[in-house]
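Colleague: I am new to this structure and would like to learn how to read it. Could you walk me through a few features?

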Amino acid sequence: MDRERRYGQEMAAIAERHPDEPDLSNLAAHALLTPQRGNDLPGLVQGLAILEKRLAQAPDDTAAIHYYIHATEFAGRPADALPYARRLGALSPSASHLVHMAAHTLVHVGAYEEVAVVNAEAIKVDADISQAMAYAGPLGAAQYYAHNLAFGFYGALMAGDRDLALKYAAHAPIAFPEGSDPTRRTFAVSRTLVAYGRYAPAKALALPAPAPAEAPLNHIYWRYARGEALAAAGDARGVLKESREIERIAVENAGGLPEVKLIAAKVLAGRAAMLRGRAKKAASLYAEAAAAQEKAFAKSYDPPPWWYPVRRSVAAAKLKAKDYAGAAAEARRSLTGSPADGLALRVLGEAERKMGDQIGAEQHRAEAKKDWIGDVDAIGLDLI
């Protein structure tokens, strides 16, 4: 990483001497930002300064916008890139990765429906190009196809967009059919099973079990989707069975998979406890899952590796347990990391109403209705 930083600093000095060559400043910024992936931060301030100077001169420079989206994401000020992110796709409509890039800003500011839509648009760009060029192999062979699909699917679930979430789920095995790259297929297809558990329970329960030799992630998400479907039917015993089956799945100690397994099992155990009226127990189980999620995946938005912030479930359980102050605190904590989450806002509003804060309750209820696609009040606390 030191090599990239030194290269970036030298390139920045060259760019200063040649202001008529904008590609030099973009190359410098890119090199200075690369170490951020490894939590090596010294080049970030200089990289941001270079990009802001370039965008002041040329606000439609797509390379500068691309790097500025990442830079503001790394710096914890993603909203600064919002005006640029929202027009990047129109500036480069045939470049699927640049169409997708807005999602890196949009997810941090809580514009989840836009995250879902821009990634669907990016997928269409790749599909159109694949068809026009008659590329061999499945659609998912395009470099960022799985990335865009998983990112967009997350946005659809966080926005409560049932129809788009199910479209993503239906498309995943088409883009990544059996026989395609198993790692990419697992990454893209397994997580989309959540849509069936949440929005098409009968389909989730009818899905055949993965073959024993398939990747553990396929087994985890198959069980998890079944658990969500059974929770929707109020079958606490069935939900708990799926949780225990997930705990039995053997996983390798790499790539965050043990954390996904723990989160999936604890969330379903929490659902079962909620269905049985044991809200305090549910809050404890959800808290374990939330802590694992926040520790392992605190900065992972590329895409987020779990489909929602489990902290909002802690808030819902505390609300059901009549711990209204605790529910409000947990909801606010969840919203800090995942702003404009309609379900967390709903829990916060209900907790405030119970505590007599009618102004806050009405404000957050209105925000929840605005941010959620569909009826935010139709989802019971047991499923939040």
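Modeller: Gladly! Helices are DSSP runs of H or I with at least four residues, numbered from the N terminus. Here, in what is a predicted model, Y135 sits in the loop between α7 (112–133) and α8 (145–159).

Colleague: Is Y135 buried, partly exposed or exposed?

Modeller: Buried means under 20% relative accessible area and exposed means over 50%, with partly exposed in between. Y135 has 47% relative accessibility, so it counts as partly exposed. Together with I129 and M133, Y135 makes a nonpolar surface patch of about 300 Å².

Colleague: Where is I249, and what does I249 contact beyond its neighbours within four places in sequence?

Modeller: I249 belongs to the loop between α13 (236–248) and α14 (257–275). With a relative accessible area of 13%, I249 is buried. Leaving aside neighbours within four places in sequence, its contacts are P216, H219, I220, R223 and K261.

Colleague: How many salt bridges does the structure hold?

Modeller: There are 26. One of them joins the side chains of R271 and E228, at 3.0 Å from N to O. R271 is in helix α14 and E228 in helix α12 (residues 216–232), so this pair ties together parts 43 residues apart in sequence. Both R271 and E228 are buried.

Colleague: Which residues are linked with R248 in a network of salt bridges?

Modeller: R223, R226, E242 and E245 are linked with R248 in that network. Between R248 and E245, the closest N and O atoms are 2.9 Å apart. Both lie in helix α13, three residues apart, or about one turn of the helix. R248 is exposed at 60% relative accessibility, while E245 is partly exposed at 23%.

Definitions and conventions. Residues numbered from 1 in each chain as written. Predicted model: local features only at pLDDT ≥ 70, side-chain atom pairs only at ≥ 80, totals over all residues. Heavy atoms only, no water. Patch = residues over 30% accessible without salt bridge, like charges linked within 9 Å, V, L, I, M, F, W, Y side chains within 5 Å. Areas by Shrake-Rupley, 256 points an atom, 1.4 Å probe, with all protein chains shown as cover. Salt bridge = Lys/Arg side-chain N within 4 Å of Asp/Glu carboxyl O. Helix = DSSP H or I, 4+ residues; strand = E, 2+ residues; numbered from the N terminus. Buried < 20%, exposed > 50% of the residue type's maximum accessible area, 1.4 Å probe, protein only. Contact = heavy atoms within 4.5 Å.
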